[in-house]
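Please read it alongside the sequence and the model.

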Amino acid sequence: MRAIIYARVSTKKEAQETSLERQKEELWELADAYNMQIVGVVEEQASGYEIDRQGILEVLDTIKEQQAEAVLIQDETRLGRGNAKIALMHCLRKEGVIVYTHTHNGELQLSDSDSMVLEIIGIVEEYQRKIHNAKIKRGMRRAVDNGFRPERNLKNQHINSGRDKIEVPIEEIVRLRRNELTFAEIAATLRGFGHDVSKATVHRRYTEYMKQQLDISK
């Protein structure tokens with residue numbers, strides 16, 4: 001199993017620096033005990049209540065790149081404290097990463113309260129996904145009812161399949177906007193038909209188009 005070691009202390013005091021070294025030594029021993037391949041060692045001095053930590057972000061990047069299947073920490077507080085800890089645990093759980101701690105001499109054992117919170121977060125996220133999909137479907141139905149014809153924009157899409165960015169059909173954005181769809185609904189509708197666009201992109205393209213039309217009419 002590929003794993004990454006993460007060690008953290010909250011201050012830059014000399015005693016804390018000694019703690020960092022001890023954490024790393026103990027986690028190397030834990031890795032040896034479980035015959036893990038260490039692909040990286042990350043250490044940092046930062047508050048556990050902060051989520052914007054360069055070290056923990058590096059850990060998450062390594063996991064995203066599928067270079068690590070486990071994270072080794074001294075104890076759960078090294079991962080974070082308060083809401084930051086819960087948020088990071090949720091991220092790791094979503095990635096299917098196993099957390100091992102020196103304290104438990106194995107896989108992290110969550111408290112009942114932490115397990116309950118993570119379960120609630122998972123349920124809420126699932127319902128958010130369902131609501132998002134429902135909004136896309138509603139936007140697509142409204143767009144088609146208001147004259148949007150996706151086949152006109154997608155019939156030649158295979159020709160440009162190697163391109164990273166799909167062209168945004170400005171004429172459809174204008175049409176849907178005139179039919180009182182919000183920018184979020186327009187973006188969701190276009191994504192449903194294969195156009196990789198965000199609400200911000202739709203808003204920007206619409207604003208640019210309307211400015212051009214205004215300049216032409218002067």
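Directly after α4 comes G96, a residue with a positive phi near 75 degrees. The model is predicted, and the points below are grouped by topic.

**Helix α4**
- Helix α4 covers residues 82–94, which is 13 residues.
- From first C-alpha to last, α4 reaches 19 Å, close to the 18 Å expected at 1.5 Å a residue.
- The buried residues in α4 are A84, K85, I86, L88, M89, H90 and L92.

**Helices α7 and α8**
- Helix α7 spans residues 170–178 and helix α8 spans residues 183–192.
- The two helices pack at an angle of about 135 degrees, and their axes lie 10 Å apart.
- On the α7 side the contact is made by I173, L176 and R177, and on the α8 side by F183, I186 and L190.
- Five of the residues in this contact are nonpolar, one is charged and none is polar.

**Helices α5 and α8**
- Helix α8 also packs with α5: the axes of α5 and α8 come within 8 Å and cross at roughly 90 degrees.
- An angle of 65 to 115 degrees counts as roughly perpendicular, so α5 and α8 are roughly perpendicular to each other.
- Helix α5 contributes H132, I136, R138, G139, M140, R142 and A143 to the contact.
- Helix α8 contributes E185, A188, T189, R191 and G192 to the contact with α5.
- The residues of this contact divide into four nonpolar, four polar and four charged.

**The protein as a whole**
- The secondary structure comprises nine helices and five strands.
- Read from the N terminus, the order of elements is β-α-β-α-β-α-α-β-β-α-α-α-α-α.
- The protein has 218 residues, of which 37% are buried.
- Of the contacts between residues at least 6 apart in sequence, 71% join residues at least 24 apart.

Methods: Residues numbered from 1 in each chain as written. Predicted model: local features only at pLDDT ≥ 70, side-chain atom pairs only at ≥ 80, totals over all residues. Heavy atoms only, no water. Helix = DSSP H or I, 4+ residues; strand = E, 2+ residues; numbered from the N terminus. Expected span 1.5 Å × (residues − 1). Buried < 20%, exposed > 50% of the residue type's maximum accessible area, 1.4 Å probe, protein only. Axes fitted to C-alpha atoms, helices over the stretch in contact; angles between N-to-C directions. Contact = heavy atoms within 4.5 Å. Nonpolar A, V, L, I, M, F, W, Y, C, P; charged D, E, K, R; others polar. Parallel < 35°, antiparallel > 145°, perpendicular 65-115°, else oblique.
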